[in-house]
Amino acid sequence: MQVAIVSDIHGNRQAFEAVLDDIDAEDVAERWCLGDLVGYGADPDACVELALARCDLVLAGNHDLAVTGALSVEEFSPGAAAAAKWTQKNIEARNLEALRALPPQSLDREVGLFHASPRDPIWEYVLSTLQAELCLDAQEHRVCLVGHSHVALAFTRRGEGVAGSACPDGSRADLTVGEWILNPGSVGQPRDGDPRAAWLLLDLETWTATWRRVDYDIPGAQAAIRAAGLPEALADRLEYGQ
Ligand code: ZN
């Protein structure tokens, strides 16, 4: 079975639609979303509705939980806090209710699924081999998927020592041996220097992961952010992938 993994959509409808179209060109049985449907971008309703309609599993991320009020925005950067407050005021009540029902992790599939990390599904950024090692020690599944950092990455341990690698467009990983933590990168706000929308194609029969990037209407997403009165920096960063 092939599965498409998406994460960190962040209210970027243009990016999410482009990724869903790209996924449709593949023979994919299911779509799993690792959370942060909203926050930063100007189209929270469209992104929540698309995720619920098109994805077979949807997790909640820290931004979703901040918008529902389950998490305080005190630990957020000023731009992220402003976006969370804007989203609270502008999202449809039914979509807010839908966000409230989402869990931050799922443990009942062949792979472990977390918004942030196996140790802390809501907040921990897994960006170093040290953190990855602690997460690999904690995880129940041999292969886990995380989002949250907006950086396409793979960490693996075969015997001693953990290796980490960036995963640009077209990267493939053979998951047949070893323990793994994979990050697909972000659909709606990439932070690894490639502004294109990111997703991951996971083959659970051959145990292969392929990282994908898709061009999307960045000026359209930026115009929506500016028209909404959200912080200018949230529009600017989209064209740099930072
Ligand atoms: Zn995020």
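Close-up 1. C33 is buried, with a relative accessible area of 0%; buried means under 20% relative accessible area, exposed over 50% and partly exposed in between, with a 1.4 Å probe and protein chains only. The model is predicted: local features need pLDDT of at least 70, side-chain atom pairs count only at pLDDT 80 or more, and totals for chains, interfaces and linings use all residues. Residues are numbered from 1 along each chain as its sequence is written, and side-chain values use heavy atoms, with hydrogens and water left out. A disulfide is taken as a pair of cysteine sulfur atoms within 2.5 Å, and the count comes to 0 disulfides. The relative accessible area of C135 is 0%, so C135 counts as buried.

**Close-up 2. The zinc site.** The zinc ion has as protein donors D8 (OD), H10 (NE2), D36 (OD) and H150 (NE2), which lie 2.1 to 2.3 Å from the ion. Donors are N, O and S atoms within 2.8 Å of the metal (3.2 Å for Na, K and Ca); water is not among the atoms, so sites may look incomplete. Along the chain, the donors follow the spacing D-x1-H-x25-D-x113-H. The angles among the 4 donor atoms run from 88 to 179°, and the site is irregular. For this label, four donors count as tetrahedral if all angles lie between 85 and 135 degrees; four count as square planar and six as octahedral if opposite donors are over 155 degrees apart and all others between 65 and 115; anything else is irregular.

Close-up 3. D8 lies in the loop between β1 (2-6) and α1. Helices (H or I, at least four residues) and strands (E, at least two) are DSSP runs, numbered from the N terminus. Phi of D8 is positive, near 50°, in a residue other than glycine. D8 has a relative accessible area of 0% and is therefore buried; H10 is buried too. H150 is placed in the loop between β6 (143-146) and β7 (153-157). Although not a glycine, H150 has a positive phi of about 65°. H150 counts as buried because its relative accessibility is 1%.

**Close-up 4. The aromatic pair F76 and W123.** The whole structure holds 1 aromatic pair. The pair joins F76 and W123 edge-to-face, 5.7 Å centre to centre with 90° between the planes. Rings of Phe, Tyr and Trp (its six-membered ring) pair if their centres lie within 6.5 Å; planes under 30 degrees apart count as stacked, over 60 as edge-to-face and the rest as tilted. F76 is in the loop between α3 (62-68) and α4 (78-90) and W123 in the loop between β5 (112-114) and α6 (129-138), so the pair ties together parts 47 residues apart in sequence. F76 is buried at 10% relative accessible area, whereas W123 is partly exposed at 22%.

**Close-up 5. Helix α7.** Helix α7 covers residues 218-227, and its buried residues are I218, G220, A221, Q222 and I225. These buried residues pack against α1 (13-24) and α8 (232-236). Just after α7, G229 has a positive phi of about 80°.

Notes:
Contact means heavy atoms within 4.5 Å.
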